[in-house]
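Student: I have a structure to look at, and I would like to learn how to read its features one at a time. Could we go through it together?

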Amino acid sequence: GNAGAVNITSASLTANAVTGISLDTTIANLTATNTTSGGIDINETDNLNVLLASAAGQAVNLLAGGNLNVTAISGGTVTLIATGAITDANGVAVNVSASSLNALANNGIALGTAVANLTATNNTNGNILINEADGMTVQSAINAAAAIQIISAFGLLTIVNVDAKGHFLASTDDSAAPGDNLVVSGVVEADNAVSLVAGDDITLQ
């Protein structure tokens, strides 16, 4: 309602809504929940510590003018954009649960995920490091700076498009059930080595 000017300046913001949250902020910590429609859209001027952003089945768009430090995000399509790095704030637990994750950073991306589709781009410094809970399709992973590492705990890992300045590693671990497969269905490029690891089968299409 104020044409892109900052709406909230505070150390911490807690926002709960039913039909959408859309704010320009200068805050340190974010807790946001939207329950029905409209999603969550936050445009932060500098670093943002995302304690919780929840909008089941909806879009979650978080843009930071610095680093994005992520504890827990859930939504339909989640888009994370940071002029700095996108980082993992909760150790081995999942950071992002969604049908699709789009992540864009300049200084590295490191996240634990439970997503169906991934698009990730890093431009300047740092690696792309993704630890997936149960298989995904990597629609695009591009790192103009360094390595890309995508590791799934189990399940089907499909790689469509990858371009890494350094080493590219894709791995899906072995579980008791069949189907821990790795499929490369598009183009994989890496300036260093390419490593493909599967609990069951590797298929190059």
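Student: Which residues of β14 are on its covered face, and which are on its uncovered one?

Tutor: Please keep in mind throughout that this is a predicted model. The general idea is that in a regular strand the side chains alternate between the two faces of the sheet. In β14 the covered face is made of Ile-128, Ile-130 and Glu-132, whereas Leu-129 and Asn-131 belong to the uncovered one.

Student: How many residues of β18 are buried?

Tutor: In β18, 5 of its 5 residues are buried, and the strand is described as mostly covered. Both of its faces are covered, with Phe-168, Ala-170 and Thr-172 on one side and Leu-169 and Ser-171 on the other.

Student: Do these strands run parallel or antiparallel, and how many bridges join β13 to β14?

Tutor: β13 and β14 run parallel and are joined by 5 bridges, and within this pair Thr-113 stands opposite Glu-132 of β14. Moving on from β14, another 5 bridges join this strand to β16, again in a parallel arrangement, and here Ile-130 is set opposite Ile-150 of β16.

Student: Which strand pairs with β16 in the parallel sense, over 5 bridges?

Tutor: That is β18, which covers residues 168-172. Two facing positions let you follow the pairing by eye: Ile-148 stands opposite Phe-168, and Ile-150 stands opposite Ala-170. β18 in turn pairs in the parallel sense with β20, residues 194-198, over 5 bridges, and Ser-171 faces Val-197 of β20 there.

Student: How should I look for a pocket, and what is the volume of the largest pocket here?

Tutor: The general idea is that rolling a probe the size of a water molecule over the atoms shows where empty space is left. In this model the largest pocket has a volume of about 170 Å³. Its lining consists of 16 residues, of which Val-92, Leu-111, Gly-112, Asn-131 and Glu-132 are the closest to the centre. The elements that contribute two or more residues to this lining are β13 (109-122), β14 (128-132) and β16 (148-152), with the largest share, 4 residues, coming from β13. Sorted by class, the lining has 9 nonpolar, 5 polar and 2 charged residues.

Student: Which residues have the most contacts inside the largest nonpolar core?

Tutor: That core has 47 residues, and those with the most contacts inside it are Leu-62, Ile-73, Leu-80, Ile-86, Val-96 and Ile-150.

Student: Is Val-78 buried or exposed?

Tutor: A residue counts as buried when its relative accessible area is under 20%. Val-78 has a value of 0%, and therefore it is buried. This residue lies in strand β10, residues 77-82, and, leaving aside neighbours within four places in sequence, Val-78 is in contact with Val-60, Ile-73, Val-96, Ala-98, Ser-100, Leu-101 and Asn-102.

Student: Where is Ala-56 found, and is Ala-56 buried or exposed?

Tutor: Ala-56 is in the loop between β6 (48-55) and β7 (60-64). Exposed means over 50% relative accessible area, and Ala-56 counts as exposed because its relative accessibility is 61%.

Student: Which residues does Leu-204 touch, not counting residues up to four places away in sequence?

Tutor: Leu-204 touches Val-184 and Leu-196 on that count. This residue lies in strand β21, residues 202-204, and with a relative accessible area of 64% Leu-204 is exposed. For Ala-56 and Ser-12, which are 44 residues apart along the chain, the C-alpha separation is 22 Å.

How values were computed
Residues are numbered from 1 along each chain as its sequence is written. This is a predicted model: local features need pLDDT of at least 70, side-chain atom pairs count only at pLDDT 80 or more; totals for chains, interfaces and linings use all residues. Side-chain values use heavy atoms; hydrogens and water are left out. On a 1 Å grid over the protein atoms alone, a cavity is a set of points where a 1.4 Å probe fits but cannot get out, and a pocket is an open set with protein on both sides within 12 Å along at least five of seven lines; lining residues have an atom within 4 Å of a point. Grid points are joined across faces, edges and corners, and a volume is the space filled by probe spheres set on the points. Ala, Val, Leu, Ile, Met, Phe, Trp, Tyr, Cys and Pro count as nonpolar, Asp, Glu, Lys and Arg as charged, and the others, Gly among them, as polar. A nonpolar core is a set of buried Ala, Val, Leu, Ile, Met, Phe, Trp, Tyr and Cys residues joined through side-chain atoms within 4.5 Å. Buried means under 20% relative accessible area, exposed over 50%, partly exposed in between (1.4 Å probe, protein chains only). Two strands pair if DSSP finds at least two bridges between them. Contact means heavy atoms within 4.5 Å.
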